[in-house]
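This report looks at the disulfides, the strand pairing and the nonpolar core of one protein model. Please look over the sequence and the structure before reading on.

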Amino acid sequence: MPNVRHRLPRVLALCVLIGGSALSGCSTAVVGSPIPAAGFQEHPETPRTRSAIAQPPRIPAPRGEVDPCTLLTPDDLVPVGGVAGPPHPGNPVPGACAHLLGGHPDDTAAAGFHEPLPSIAQRQPRGVEVDVRGYSSWLYCEPVTGYQTCTAATAIRSDRSLLTMLSLKDASAADTADRLFGLTTAALRKLPPA
C-alpha cells in the first residue's frame with residue numbers, strides 16, 4: 001500500500017485553486033476564450049460571457065446532499081487511475097472528500113459540496129459556464145506544479161453547489177476536463193431530490 005501521508009500536503013494545496021486563489025494572479029495569461037471539453041456543453045439559449053453565469057443558474061431539479069466520500073466510488077475512479085488508499089474527508093475543502101489515484105503520486109479526484117455557484121464564478125473569472133445534464137456548472141482549469149487541475153462547481157440549489165475536482169500529472173486541460181465531466185455526472189446521479 002502506498003504511503004499516502006506524503007501526498008496529503010499537495011491535496012491541501014488544491015484548496016488555493018478551489019478557493020479562488022492567489023495562484024491565478026501568478027499564472028501566465030492565455031489569449032482567447034476557454035473552450036469547454038467534450039461532454040461539457042454550453043446551454044444553447046445562453047451566450048457565454050467570461051465570468052458571467054446564467055441568472056439564476058439552471059437547476060432542473062434541486063438536489064440534496066449525501067456523505068461526500070460516497071459521491072465517487074472506486075468504479076467511478078477506474079477511468080482516471082483507480083483509487084490508491086482510503087478517502088480523505090474534509091479535503092481539499094470542508095464538505096469535500098479527496099481520493100488519491102493510481103498512476104502519478106499526486107493524481108487526485110475529489111467531490112463534495114461548496115458555496116453557491118455565483119460565488120465560485122466570481123472568484124474564478126477565467127472559468128467558463130458549461131452544462132452538465134441541464135445544470136449550470138462553472139469549469140475552471142489551471143496547471144498547478146506540473147499537474148493539470150480542473151474544478152467544476154455545479155448548481156444543485158440556489159445556496160449550494162456540487163464541487164468536483166480532478167488533478168492529473170502531464171495531462172492537458174481538455175483531457176482533464178473531459179474526464180472531470182464523467183466524474184461530475186457520476187456524482188450528480190448519486191444526489192437525492194432536495
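Cys69 is buried, and so is Cys97; buried means under 20% relative accessible area, exposed over 50%, and partly exposed in between (1.4 Å probe, protein chains only). The model is predicted, so local features need pLDDT of at least 70 and side-chain atom pairs count only at pLDDT 80 or more, while totals for chains, interfaces and linings use all residues. Residues are numbered from 1 along each chain as its sequence is written, and side-chain values use heavy atoms, with hydrogens and water left out.

**Disulfides**

A disulfide is a covalent bond between the sulfur atoms of two cysteines. Here a disulfide is taken to be a pair of cysteine sulfur atoms within 2.5 Å, and by this rule the count comes to two.

| Pair | S to S distance | Torsion about the S-S bond |
|---|---|---|
| Cys69 and Cys97 | 2.1 Å | about 90° |
| Cys141 and Cys150 | 2.0 Å | about 110° |

The torsion of about 90° is why the disulfide of Cys69 and Cys97 is right-handed. Helices (H or I, at least four residues) and strands (E, at least two) are DSSP runs, numbered from the N terminus.

The disulfide of Cys141 and Cys150 is also right-handed, because its torsion is about 110°. Cys141 is partly exposed, with a relative accessible area of 26%, whereas Cys150 is buried at 0%. With the bonded cysteines numbered in sequence order, the pairing is 1-2, 3-4.

**Strands**

Two strands pair if DSSP finds at least two bridges between them. E5 and E6 are antiparallel and share eight bridges; Trp138 has Ala153 in E6 as its bridge partner. The two strands form a hairpin with two residues between them, and Thr145 in the turn has a positive phi of about 45°. E6 and E7 also run antiparallel, joined by 10 bridges, with Tyr147 opposite Lys169 in E7. Of the 11 residues of E6, 10 are buried.

**Nonpolar core**

A nonpolar core is a set of buried Ala, Val, Leu, Ile, Met, Phe, Trp, Tyr and Cys residues joined through side-chain atoms within 4.5 Å. The largest one has 26 residues, and Leu162 and Leu166 have the most contacts inside it. Among the elements that give two or more residues to this core are strand E6 (147-157), strand E7 (160-169) and helix H5 (173-189). H5 provides the largest share, five residues.
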